[in-house]
Amino acid sequence: ITGGRQPFFQWELTKVCSDEDCSISTGNLAGVVSFQHDEQMFISQNYFNNFATSLRFHFTCQATNFLGIKSNIVEHVVALQDQTIPMVVIAGPDQVKIHNYENLFLRSFIQIAPGAFASIFDADDCPDIAFQWSMICLSANCANENIPLTDIVTTTSDIYFPAFTLQYNTLYELSLRLSYTDTSQEMTFVTTTAVEVKIEPFQVDIRVLGGIQIVSVSQDLELSTELIEHQQPLSGMVSYRWACRTQAGYICRKSDSDFLAIEDSPVVTIPPGTLNPGDYVFSVIATFSDGSIISKDREQIFYRVLRRDQPLVKIFRQGGGKHDLRKPLVLQGDVESSVTSQQWKVSEGDLELSTQNLLSPTTTGKELVIAPNVLQDGATYRFRLEASAPGQSDNFAEIEVIVNDSPTAARLEVSPQSGFSLETKFSFSVTGASDDSADMPLSFVFSVLPVSCPSALPDGSCPLIPISNTVEYPRFVGLLPEGEFFPVVDVFDRLGSFHRVIAPFTVTSFNTCPTTPQLITEYMERIARTARAYNCIGSYDVTRQLLNIASYSLNCATTEIPDETYEIYFNELEVLLASIDDLSESTEVYVDNRLKSLFLSSNIPLGNRDSYTGSLLQNSRQVASAAASTGFLRTDSASAFLGGLSTLVSQNISSSDVFNVFDTIQGISAAELRDRTCDTISSDLLSSNIKIRNQRQSSTSLAGSVVSAPDSEASIQLPSDISGFDCINYVVAAFDVSSFNDGTSEVASLPVLLTLSDENNEEIQATTSDSYAIRIPVGSQDTQSSNFTCASWNEDTSMWEKDCTFIGVEENFFVMQSSHLTTFSVLFEGVGGGGGGGPGTISISTFGSFASYFTGATEIFGNSNLDEDGNLVSSFTALSDIPTEAFDTSNEVYDILNYSYESSDEVAWTIDRILALVFSGIAFCICMVMVALLNIKSVRDRLSGRTARAKHNKKSAMLRRQRELEVLTERYGEAQTEPISTNSSTPNHG
């Protein structure tokens with residue numbers, strides 16, 4: 001508890017040791033240390049000149065807050081060596097304490113000599129640096145036992161343990177071994193460090209259900225309790241004991257004056273007439289025992305028993321404990337069937353149940369959903385559900401909700417407040433952050449907010465630029481792109497609530513944007529080399545910072561950007577970051593950092609380079625898939641994501657990359673709906689080229705409805721008999737650009753998309769016997785002199801396919817019907833597409849794809865014409881049963897029905913079968929040869945381009961060094977070169 005004030009730090013040098021001898025005099029060094037009272041303690045190198053090498057210096061530090069409360073004393077040991085060696089540090093305290101239902105994320109950092117880093121910068125490949133994490137158990141029940149980390153990535157500088165990986169009430173030692181080969185000294189250094197991980201004892205946690213209730217003496221009184229969600233698998237090891245007292249504190253008596261005995265069960269029913277009218281407090285104690293530990297929890301619930309007759313009302317809350325205000329608050333009412341009206345109210349707390357504060361469409365339904373970020377930090381609210389029934393008195397139930405108090409009183413400082421991009425290391429530090437002790441420890445995520453930006457969000461604001469992943473300590477050092485920024489830190493508690501601190505000052509990073517194509521390429525080469533060097537030593541946050549710097553540089557360039565620059569950006573920087581993403585855990589913070597970097601990348605001017613656009617679209621799909629699992633961390637995350645995608649679809653897109661657009665939209669929708677319940681209001685997102693509406697609805701409420709994207713006239717009406725799922729997610733998107741070209745079709749309208757998915761975000765086709773009605777605005781097309789057809793995008797063939805029905809033009813709208821859902825558009829008739837639909841001779845092979853052209857044809861036939869799977873029997877004679885007048889002449893089925901069968905076709909079918917077998921055999925042989933070739937490493941490297949990239953990078957490095965030699969020769973008359981230093985104090989404005 002700091003009260004927002006800087007604590008007083010007392011540093012001490014307690015002893016100096018050599019092997020087992022700790023009697024070595026500390027000299028005047030002890031006085032130098034004890035006079036330092038800041039968070040950081042600094043000792044000049046010359047103070048160690050009088051000490052022999054291989055000594056150990058034991059330092060301690062203790063903090064005292066403004067109330068005089070002292071912290072624990074922590075110790076740090078520094079070993080003096082006769083040469084500079086790499087050092088690895090696990091950031092954070094010496095002992096980390098967590099519960100087994102919490103994720104554990106630890107980070108490490110390497111400190112190496114400046115000359116060693118310069119060598120890594122100059123080298124074409126990373127030196128031999130290897131990380132290896134290992135864990136042993138220190139508790140008595142598993143002492144010194146090696147813990148296998150089978151599903152944990154243990155070869156990076158960070159390590160992540162998902163919740164429930166480690167055993168509760170157990171102490172572990174987590175070690176990190178670093179092996180580093182310094183080629184300049186031809187030496188290999190091995191250093192290790194360790195941290196203790198203490199998993200707290202299991203604490204059983206229960207909640208009572210139903211809320212504060214009022215019942216009649218003629219009604220059952222039901223007591224119900226359960227374990228919180230993540231503990232429910234342990235319910236078999238928990239016993240319950242109920243007790244009852246009156247409001248005055250007396251033990252409860254039944255109506256016959258006997259004491260009330262309650263059975264030991266999680267659900268108890270007290271029969272009608274058992275209790276007299278009055279107020280009662282029921283308490284329950286849950287006891288967990290697994291044979292080694294015992295844990296207890298106690299909860300209570302209030303009941304009022306009345307003589308009058310009224311409907312029974314209960315309130316259930318989704319989730320338990322303190323509410324995280326970043327999540328929706330979901331309250332569900334349970335009332336008797338006789339209730340004809342109900343009304344939600346706030347009986348305690350400052351909250352208005354208005355439309356802007358709610359996700360539920362009304363306050364008169366069975367469910368009340370409060371929107372995220374509406375409730376007040378640390379406040380207590382009491383919600384009431386009132387119910388009325390004919391012939392009965394009105395009744396109500398109440399439930400109390402406590403909102404988690406997010407961290408407070410933090411102050412953010414940055415030093416220096418001005419510097420140069422790529423060179424100045426800006427130090428962020430937070431002081432004074434505090435929270436309830438039960439919600440500690442805190443974690444920190446650092447970022448900056450541009451004062452102005454070349455690429456704004458759809459609402460005109462600038463997006464946050466991430467600087468760090470989650471860090472467990474209030475300090476971070478990072479590089480900034482060119483510009484002026486407000487420093488930002490999000491301070492998280494262990495329950496997930498966070499408090500954002502935006503500094504009242506700005507920091508400025510200077511760097512003149514490169515003015516010529518050659519300077520742009522050289523600048524990008526320098527960024528790529530620096531990023532690779534930091535990646536070599538495991539500084540993944542700095543690697544992302546450098547990608548963001550590169551994105552900013554390309555956005556601010558005023559001259560034409562050469563292809564060589566794009567090659568470096570996409571073939572080196574993007575590939576480098578993708579390799580980090582593959583190894584990193586997709587936490588909520590990490591996914592948010594990825595999508596913010598993607599937003600910056602998406603605004604790079606790519607021109608007609610559709611391969612690079614495809615690379616960013618593929619990255620978008622991967623980030624969207626991760627976001628669907630974690631949700632969005634910040635309020636601007638979804639709009640930033642859609643804004644970046646909107647920019648990409650305005651550029652040239654290869655037909656093979658179109659599916660990435662649709663999958664990204666599906667992922668954004670899933671992330672938006674992740675914490676929603678059924679039949680809440682829609683979530684709308686707008687951007688310059690894409691508009692999205694997504695909603696989670698029951699199939700009954702969705703059936704027959706008309707859905708459309710916000711601010712869009714295009715719409716799709718769903719059939720009135722949708723069934724098969726209790727709750728369905730839908731996303732409808734309207735595009736203001738037509739970028740989905742298959743190279744053969746001429747599109748006559750803007751596309752519109754509608755997909756349905758289940759609650760696991762798996763795409764579904766709802767069961768229905770009717771069609772979907774699609775209406776798309778005509779726009780500027782001449783509907784009198786043109787013929788049109790309906791088409792949908794086939795993701796397997798990456799083409800528009802004519803598998804829907806064009807009805808006509810009504811009131812300046814294209815009207816169509818389809819039996820399935822996907823992305824629809826209107827094509828000019830006779831141009832491209834995947835179907836027939838026009839006059840002319842058709843191929844006999846059309847019979848083989850009959851089912852894919854017309855899936856509804858089987859409805860016309862009886863059982864005698866269908867096989868066991870309900871498909872049309874493969875027979876030429878069966879086609880005569882189909883009335884040709886049932887189909888439009890533009891339909892593919894009409895062409896099939898009017899085909900004249902000839903006996904020569906039987907020969908053609910036989911030849912086709914033989915040729916198919918021959919070609920299948922040839923294809924199989926080719927595949928086997930290719931598999932054999934791909935097992936040869938040199939072939940794989942050549943095919944993947946790795947060999948070519950290595951040659952290209954080596955050639956570029958040789959050319960660059962040759963140019964440097966020529967310049968220096970010309971300037972000084974002889975070739976003189978100096979090693980490149982990334983820590984130069986002289987700014988490089990080039």
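Let's start with F659, which sits in helix α9 (residues 658–672). Helices here are DSSP runs of H or I with at least four residues, strands are runs of E with at least two, and both are numbered from the N terminus. The model is predicted, so local features need pLDDT of at least 70 and side-chain atom pairs count only at pLDDT 80 or more, while totals for chains, interfaces and linings use all residues. Residues are numbered from 1 along each chain as its sequence is written, and side-chain values use heavy atoms, with hydrogens and water left out.

F659 is partly exposed, at a relative accessible area of 26%. On this scale, buried means under 20% relative accessible area, exposed means over 50%, and partly exposed is in between (1.4 Å probe, protein chains only). Leaving out residues up to four places away in sequence, F659 touches R621 and E795; contact means heavy atoms within 4.5 Å. From F659 to L617 you count 42 residues in sequence, and their C-alpha atoms are 9.2 Å apart.

Q622 is in helix α7 (residues 610–630) and is partly exposed, with 37% relative accessibility.

## The whole protein

How many helices and strands does the protein have? There are 15 helices and 46 strands. Of its 990 residues, 48% count as buried. Now take the contacts between residues at least 6 apart in sequence: 68% of them join residues at least 24 apart.

S792 gives you a buried example, with a relative accessible area of 2%. This serine lies in strand β42 (residues 788–794). Setting aside neighbours within four places in sequence, S792 is in contact with M799, W800, E801, D803, C804, H820, T822, T823 and F824.

## Two helices side by side

Two packed helices are described by the angle between their axes and the distance between the axes. For helix α3 (residues 517–536) and helix α4 (residues 540–556), the axes come within 8 Å and cross at roughly 170 degrees. That makes α3 roughly antiparallel to α4. The axes are lines fitted to C-alpha atoms, for helices over the stretch in contact, and the angles run from 0 to 180 degrees between N-to-C directions. Angles over 145 degrees count as roughly antiparallel, under 35 as roughly parallel, 65 to 115 as roughly perpendicular, and the rest as oblique.

Which residues meet between α3 and α4? From α3 come I520, Y523, M524, I527, T530, A531, Y534 and N535, and they meet Y540, V542, T543, L546, I549, A550, S553 and L554 in α4. Sorted by class, the contact of α3 with α4 has twelve nonpolar, four polar and no charged residues. (Ala, Val, Leu, Ile, Met, Phe, Trp, Tyr, Cys and Pro count as nonpolar, Asp, Glu, Lys and Arg as charged, and the others, Gly among them, as polar.)

## Rings and charges

The structure holds 23 aromatic pairs. Rings of Phe, Tyr and Trp (its six-membered ring) pair if their centres lie within 6.5 Å; planes under 30 degrees apart count as stacked, over 60 as edge-to-face and the rest as tilted. F420 and F510 make a tilted pair, 6.1 Å centre to centre with 50 degrees between the planes. This pair links distant parts of the chain, 90 residues apart: F420 is in strand β26 (residues 418–420) and F510 is in strand β33 (residues 507–510). F420 is partly exposed at 23%, and F510 is partly exposed at 42%. Elsewhere, ring pairs link Y566, Y569, F570 and Y612 into a cluster.

Some rings also have a charge over them, which means NZ of Lys or CZ of Arg is within 6 Å of the ring centre and within 35 degrees of the ring normal. R253 lies over the face of F259, 4.0 Å from the ring centre. The charged end of R544 sits over the ring of Y590, 5.3 Å from its centre.

## Backbone details

Look for a cis peptide bond from S415 to P416, with omega near -10 degrees. P416 is in the loop between β25 (411–415) and β26. M440 and P441 are also joined by a cis peptide bond, with omega about 5 degrees.

N144 isn't a glycine, but has a positive phi of about 60 degrees. N144 is exposed, at 61% relative accessibility.
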